[in-house]
Amino acid sequence: MTILITGGAGFIGGHTVLAFLDRGEIPIVLDDLSTGNRAAIPSDVPFFAGDVGDTELVLRLVQNHRIDAILHFAAKIVVPESVADPLNYYLNNTVKTHALLQAAVRGKVKHFVFSSTAAVYGNTGSKSVSETADPAPLSPYGRSKLMSEYMLVDAGEAYDLRYVILRYFNVAGADPAGRLGQSTPGATHLIKVALETALRRRTYMSIYGSDYPTPDGTCVRDYVHVSDLARAHLAALDHLRNGGESRTLNCGYGRGYSVREVVDTVRNITGVDFEIRQAPRREGDPASIVANSDQLMKLGWKPELNDLAKMIEHAHNWESKLIAAESRTAIR
Ligand SMILES: NC(=O)c1ccc[n+]([C@@H]2O[C@H](COP(=O)([O-])OP(=O)(O)OC[C@H]3O[C@@H](n4cnc5c(N)ncnc54)[C@H](O)[C@@H]3O)[C@@H](O)[C@H]2O)c1
Ligand SMILES: O=c1ccn([C@@H]2O[C@H](COP(=O)(O)OP(=O)(O)O[C@H]3O[C@H](CO)[C@H](O)[C@H](O)[C@H]3O)[C@@H](O)[C@H]2O)c(=O)[nH]1
């Protein structure tokens, strides 16, 4: 049996492809390359360029490759973009997940792992949040994901399909072996932006909001290493393949860092004192969000890279590699 990974040319899907390869399981990848990168996918992994909303294409893949599990990463992921263009987010993230689920059910796929997000919770206060908290997303992005969760839960009740919904907190870092990192052009994530500034790809960076009810006034997030998160997918799929019941699970480390703490760590790791400007709050941002991931750990997930400085160091190595590769191309 084979796994289908949607969005496998992206940041988290790509690292999950590597995690499966590392344990000797070769998945297939479906990605429309809207933000993903073809080069992220190792040559021994079958790649199909296409849209997860194309039910017929997905059904063909399911039947031709005897797919027993779909890991669904493909989505648009930028909170402010979702505020500016919500209908596009509901189309890509919710409507197309519906089409994918329809293909999964018609093709008798038994297992489904869905990339959800801490953004479904909204403002949670300073305590860590567990899966029993009521969702109250602040952005169309969060709502587009929560609506997909509801569809999956209902489909799990009605059809022969079991799922794990993983609610990721803030994903960062890069493959410790240097095989992959975040390559999305124009990425908006804090650590990526700070590293690009340290490496002089940007002249300065902004801190969005310094009047939040947090210890230093900037937003607090729980940063999880992408390679640890990738391994959470192995644990989730093993749980389902062993007959485990459907679950909704947080994935984070349970420790929050403020924007200012992250920026200071980037300055320390890179040794560059780059310019920071204070900017107004960014729409759709909760003040603080930290995970309680006890349930995922009970399922067998063991974090191995729970260290902000290491995460930033791995991302820094990758960012430097990207710059070196670009200058080689420019010289040619
Ligand atoms: N990055 C984070 O901090 C974070 C946090 C929580 C949840 N998530 C979720 O994790 C998943 C992966 O995020 P990422 O950071 O790797 O983003 P990414 O943009 O790097 O990857 C998304 C991938 O999906 C592909 N894609 C998008 N729409 C598609 C479509 N309609 N059909 C086929 N392919 C499509 C893109 O080309 C890209 O390769 C998303 O579902 C996101 O909501 C990310
Ligand atoms: O240049 C920047 C970039 C970000 N930030 C701040 O840094 C924090 C983290 O922002 P990111 O954009 O890195 O991440 P988000 O918390 O907005 O969202 C991320 O994590 C969420 C889960 O918590 C979602 O899943 C989403 O997909 C993913 O982008 C926020 O307070 C943001 O305002 C800045 O101050 N300056």
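Modeller: Start with the shell around ligand 1: α1 (11–22), α4 (86–106), β5 (111–117) and β7 (170–172) each supply at least two of its residues. This is a predicted model: local features need pLDDT of at least 70, side-chain atom pairs count only at pLDDT 80 or more, and totals for chains, interfaces and linings use all residues. Residues are numbered from 1 along each chain as its sequence is written, while chains are lettered from A and ligands numbered from 1 in the order in which they are written.

Biologist: What makes a run of residues a helix or a strand?

Modeller: Both are DSSP runs, numbered from the N terminus: helices are H or I with at least four residues, strands are E with at least two. α1 gives the most to the ligand 1 shell, with 3 residues.

Biologist: What makes a residue count as near a molecule?

Modeller: Its C-beta atom, placed from the backbone, must lie within 6 Å of the molecule or strand. Around ligand 1 there are 28 residues, and G7, G10, G36, A74 and A75 come nearest.

Biologist: Why is a residue called nonpolar, polar or charged?

Modeller: Ala, Val, Leu, Ile, Met, Phe, Trp, Tyr, Cys and Pro count as nonpolar, Asp, Glu, Lys and Arg as charged, and the others, Gly among them, as polar. The ligand 1 shell divides into 11 nonpolar, 13 polar and 4 charged. For ligand 2 the division is 13 nonpolar, 5 polar and 3 charged.

Biologist: Which residues come nearest to ligand 2?

Modeller: T117, A118, L190, Y208 and C219, out of 21 around ligand 2. β8 (204–208) and α6 (190–198) each supply at least two residues of this shell. β8 gives the most, with 4 residues.

Biologist: Why does ligand 2 lie between domain 1 and domain 2?

Modeller: Domain 1 (2–171 + 224–251) and domain 2 (190–220 + 254–331) both give residues to its shell, so ligand 2 lies between them. The bounds come from an automatic or database domain assignment. The C-alpha centres of the two domains lie 23 Å apart.

Biologist: How many residues of domain 1 are in contact with domain 2?

Modeller: Contact means that two C-beta atoms, placed from the backbone, lie within 7 Å. By that rule, 28 residues of domain 1 are in contact with 22 residues of domain 2. On the domain 1 side, α3 (79–84), α7 (226–241) and β11 (247–251) each supply at least two residues. α7 gives the most to that side, with 7 residues.
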